[in-house]
Each structure stands twice: as structure tokens, then as C-alpha cells.
2 protein chains.
Amino acid sequence: MSQPALQNDRFLRALNCESVDVTPVWMMRQAGRYLPEYRATREMAGDFLSLCKNTELACEVTLQPLERFPLDAAILFSDILTIPDAMGLGLYFETGEGPRFRKQVRTAADVEALPIVETASDLSYVTDAVRTIRRELNGRVPLIGFSGSPWTLATYMVEGGSSKDFRRAKAMAFDTPEIMHQLLDKLAESVIDYLNAQIKAGAQAVQIFDTWGGALSHAAYHEFSLAYMHKIVKGLIRENEGRKVPVILFTKNGGQWLESIAATGCDAAGLDWTTDIGSARQRVGQQIALQGNMDPTMLYASPNAIRAEVGRILESFGTGNGHVFNLGHGITPDVKPEHAGVFIEAVHELSASYHRS
Amino acid sequence: MSQPALQNDRFLRALNCESVDVTPVWMMRQAGRYLPEYRATREMAGDFLSLCKNTELACEVTLQPLERFPLDAAILFSDILTIPDAMGLGLYFETGEGPRFRKQVRTAADVEALPIVETASDLSYVTDAVRTIRRELNGRVPLIGFSGSPWTLATYMVEGGSSKDFRRAKAMAFDTPEIMHQLLDKLAESVIDYLNAQIKAGAQAVQIFDTWGGALSHAAYHEFSLAYMHKIVKGLIRENEGRKVPVILFTKNGGQWLESIAATGCDAAGLDWTTDIGSARQRVGQQIALQGNMDPTMLYASPNAIRAEVGRILESFGTGNGHVFNLGHGITPDVKPEHAGVFIEAVHELSASYHRS
């Protein structure tokens, strides 16, 4: 199926460290609860998981922020826990409690029993959504596919939901590393299949969300999280529709490991707000692009403060290529949509002077 | 008042980067809920705050872990929120909810109304506890005094308790930085007086706990947290009883800012477990000592895994001076005391070979 020409490719160009007119910007969780139109569609769907599994409604909420703001990319509306759900763990959401699984993964036998997920048969609702969104986007901006990292998925599967200290997942890693490695390996295989299926369905870039890698020690991060993201990067389709498909790795609290992240062969690293983006750029040079990194809490501040902070981050990055602007984590549910608008406009307006040749 | 000679000065020697026979070790929150004898004393006191304010019982729980384990330092049993409590905010603890304040600090007038705390009149129960503990320690190991950092205290005062994203404290910092700076300045003045009073009463080293500095961006950390710890370091009594009084700065999630922390003139930096201690040492050289940094969650793992992790951290630090072993954060309430014992013994046993000249 031939796709319409891309009208705005700033995002893909920046990920390839190519020149752009202004710095591209999108927001993690940009299709989300801070938008009243999202809340209305979600109400219609019933619950969060039904919304993810409903192709038309998932497409609708993916496009909602693009109707409001001049964003430079769309991101598939889905959840990082679709893979463990497809493995048969029974994902559900309790109000105010976050995700939960009916079955936990605690023993060698539990891990042994887990299937490697085949996206074509087990997660076709996701690739259906990708195809539908691409059709509806009609070349306006690129579409990002995504997955959770194996370690991040494993924490939810072992703990049975969210956790403060990941004591069960860490105890499995520390006491029976061979069991944890088997689990991570099955997850990595599943993620490779999952992301490649999204790419074949039309995702033009992919991001791996390693939300909880930053809870590990330096050594444990490399062994239990980064090694599996490295494996995934090596297993991905890197070119499609005649264009490179960039891979972004985002480890929250991973600023200290930027050099190791860059060495995986990814195209870009996502940075949270604790890392100075100018120093980060000096550390990795032109090896990879950088994505980030305004504190999402800044969106509770005044429009003037938001603009000043955008200016500060742009100045820290400086002139040159390879910056995709974003928040340092997902936008939070009760931010005023106007403040998100101020943020996005400020990026485009204030970045222009850094891109004049 | 003359004090008995110190029988074990490994901790103070290591903080001064002097040679030791084995690496000294203590644990943040070592007098705490994981010990059944602590829970019994706390029951007797009524609640947590009453325990902090009862000189004899605070002394008793301070000494409890030393009866069980060959720790190389004692730390005053108290809470970081004694200063805002003394400022009149009405600290209380709700079961399972963490600390709360009856009054919040939200406006310029709220900040204006806050007194600078004078330890001699407002917090004499703390200095009484220090004197009592020193007497009861009788030179066995040194006693550490402590305080929360101004930014960390400010987050609780503005939010009215714990917070996930510090949105109110950050909005004050971003929108009305002059009000936040006035608050931080009053806190820094109070902390200087508080720590100097602890030193005069007998604290032989002091640690500043910056639990929430790591939630700030690189720029905001330097402006709102580190600048005030720097001010405190400059205002402290640095020698007492004929010996240097070392200052340890501990910013949780502060590994990226180690060079800036070292530049304050502190004697040591506390590291959480995300930082590789060998790399940290290369970054700061002999400028400061390093304290840390085992993941406290490791104490849920088996004794063998605990010993292996202690060995790994010692190997990463390598031979030479300037290491105080600790956890990367406080010990958690439901760790088995025997596992803490395994940890402490492993540090002493496995470190000996790194200290042979």
C-alpha cells in the first residue's frame, strides 16, 4: 500500500541529526486525560483498556492533540502493558490504583509457562490501530509506535502491578538471575516482534519506554534493562517505505548512563529533566539525537515561566541538529491544555533562531 | 566538658580520606522499624514525634542497632521535619500517610510570618538528645548529627506533606522565585543554627539529607537546592573537640551533579545506588570522600546475594581511602535484621584486603 507524502518531517529529520527549520516537538502522553475531548471519548469507550482495543476510538484520541496543537509527531494510543496482557496475565485497571494483573509471575514455572507473543495473532488490535491512524493522518506528521522495555514490563508482571521499591522483581533478579533473564528474553523477543509489526503497519519511528530502569543500580541497569533494549535495537526493521525508521530509547532517571544508551545503536535517547541537555550533547556528540527535556511540572507554572524554561533548554542545547523537544516525562492529567499550547508554540517560536544557517 | 577518647574512629578517618583498617559502615535509618526493639520502644513512647522529643527514649533507639551490629557510627534519632515543626506549622503523622502539617506555606505573607528557628530555645530536645547519646556512647563510635536540606524541608512545608510531583513547591519556585528564595534563606539560616548547636552538643559529623533535590531539573537543583546547602556548609563549625567535624551532603538521585556537590566544600557526598561508585571516585578524585551505595532493596535478597553485592561495590571503589559504606537510601521497615547483619559483616570482612598497604 503506498502512503501519501509526509508534509512535516521535522521530527524524523531531527532524529537523524539533519537540519530543520525549527525544533520539532511532541509530548509523551499527549493523547491523555488533560484533554476534555479525550475524557469524553474514554467515557464512551467504557474503560482505558477498551479504549486501547477499539481501533476507531484509539485513532480518534491519537489525533485529538493534533487538532489543538501544531505537534510534529503523533504517537499511537495504547498501553505499555499490552504484551503481558497478551501473555495471559489479565491486565485490569482499578480506579486510582494504576494497572494490575490477575496472575503474577513469581517462579521458574511461571516464566516457563509464558508464551512469546506473536503480534499478528495476539495483538492485531494494535497494528489495526496503527494502520487506521496512518490513513487518518494522511501524511500530516509521522506516527510513533512504542513498547515498554523488557525490564519495565517484568516489574509489573512480577509485582502484579505498580510498586514503590520493586522488591519482588529485584529479589528475582538478585537471587535467581537465570529466571529473570529467561523472563526478559521472552519479553525482548515479544517486543521485537511487536515493534516490527507496528513498523510494517506504518509506524515511522519507535520509542522504547524504560520507565523503571532508573530504579536499578548502575550494574543491574546494564545487566537487566539495557542489555535487552540493545537486543531489541539489533532486531528491529531499521528502514521502511524507503526511509530510515529511527529508534528512541527513553530510560527515566537514566541520565548517568547516556554513553551506554548511545552505544546500543539507537538513533536517539530520551532525557528526563534532571539531565542538562547541553552537557548530554557534549557527552554523546553527534552519535545520537536527544529528545527532551522540560520538567512536566513546569506546565503548572505561568505561561511566562513556561516560555522562559523552553528558552533555557534551547539555549543549553545550542545551535545545530539532533534535538527533538519533549517533556522529560508524560504530561500530567490536570495540566491546563492552554499551557501545553504555550509550551509547543514556544518551542517553535524560540527555536527558529538556532536553526538559521 | 571533656569527652572520653574515641575507640573507633574509622568513620571520621574515612571522611577525611585517611587510611583505615577496614571500610567503615553505617546505615541510613539504622535506628528504625526493621528492629523489633525499636518498635517496642516506639510503642512505649506513643507515637513517632513523641519518641523524637523524649530524650531518654531517643537515646535508647539510637543505640539499639549498635547493640546488634558492629556499626562504625551512630546517628541521632530524630526527624528532618523538626525545624518546620518548630516554626509553628504543626507536624503530625497519619498512619500509613507519612508526615503532614496543619499549616501550609503558600504565600509571601506565609513566608514572611515564619520565624528563623533558634535551636537553643525552640529545639532544645534535640541538643539534649545529642548530649545524652554522647554520654551513653562513651566513645564507642562517633555520633552523626543531621538536618534536612532547605529545599527538601520547603517541599513538605509548601505541599503540606509528602508529594508525588511537588507541583505546589515547584510552582512557587518557577512563578515566584523571590518568595521561594526567601523561604529557603530562612530555612538555611535555621539549619546552620541547628547543626552548629548539634555540633556544640557533641555531634562529631553532620549529614544534610536532600531527599528531594533530585526531583528538580539540573538548573533548578543548582538554584533552589545546592546553593542553600553550599551556604550551610560555609556557615558550619568545622572543628570541635580538637578534631575536624566532617559534613556529608546526600542528594538522592543527585549522581549527575557530583562535581557541583564536591565544589561546595563539603567533606563527603552520599551516593544512591544508581551511581557507579568507581566512576564517581574518578570524577571527584581525592577532593571529597564518598558514602554509599548499596540498593536497600538488596537486603530482601539472600545472604549470598548481599555479600556478592557488597564485594562488587568494594571492587568498584578499589583500593585507597575515602569510602564510607552505606545503603543508597534508608533501610526499609520490613527487612530482616539478620540481613542487615550480613551486610555489615560483609563490609568489614571483604574490605580488609583493600586496605593493606
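How many bridges join strand S5 (residues 205–210) of chain A to strand S8 (residues 247–251) of chain A? Five bridges join them, and the two strands run parallel.

Before going further, note that this is a predicted model, in which local features need pLDDT of at least 70, side-chain atom pairs count only at pLDDT 80 or more, and totals for chains, interfaces and linings use all residues. Residues are numbered from 1 along each chain as its sequence is written, while chains are lettered from A and ligands numbered from 1 in the order in which they are written.

**Stop 1: the sheet of chain A**

Now widen the selection to the open sheet of seven strands, ordered S1-S4-S5-S8-S9-S10-S11 with parallel pairing. Two strands pair here if DSSP finds at least two bridges between them. Strand S1 (74–75) and strand S11 (323–324) of chain A are at the edges with a single partner strand each, so one side of each has no neighbour in the sheet. Helices (H or I, at least four residues) and strands (E, at least two) are DSSP runs, numbered from the N terminus.

Next select helix H11 (residues 177–201) of chain A, which lies across strand S4 (143–148) and S5 of chain A and runs at about 170° to S4(A). Axes are lines fitted to C-alpha atoms, for helices over the stretch in contact, and angles run from 0 to 180 degrees between N-to-C directions.

**Stop 2: the whole of chain A**

**Stop 3: where the chains meet**

Bring back chain B. In all, 27 residues of chain A are in contact with 27 residues of chain B, contact meaning C-beta atoms, placed from the backbone, within 7 Å. On chain A, the elements giving two or more residues to this side are helix H10 (167–175), helix H12 (218–235) and helix H15 (303–317). H10(A) gives the most, with five residues.

**Stop 4: the axis**

Chain A can be laid on chain B with an RMSD of 0.0 Å by a turn of 180° and a shift of 0.0 Å along the axis, which is the relation of a two-fold axis. The superposition is by least squares on the C-alpha atoms of residues with pLDDT of at least 70 in both copies. Finish on Gln256(A), whose C-alpha is the nearest to the axis in chain A, 3.1 Å from it.

Technical notes. Two residues are in contact if their C-beta atoms, placed from the backbone, lie within 7 Å.
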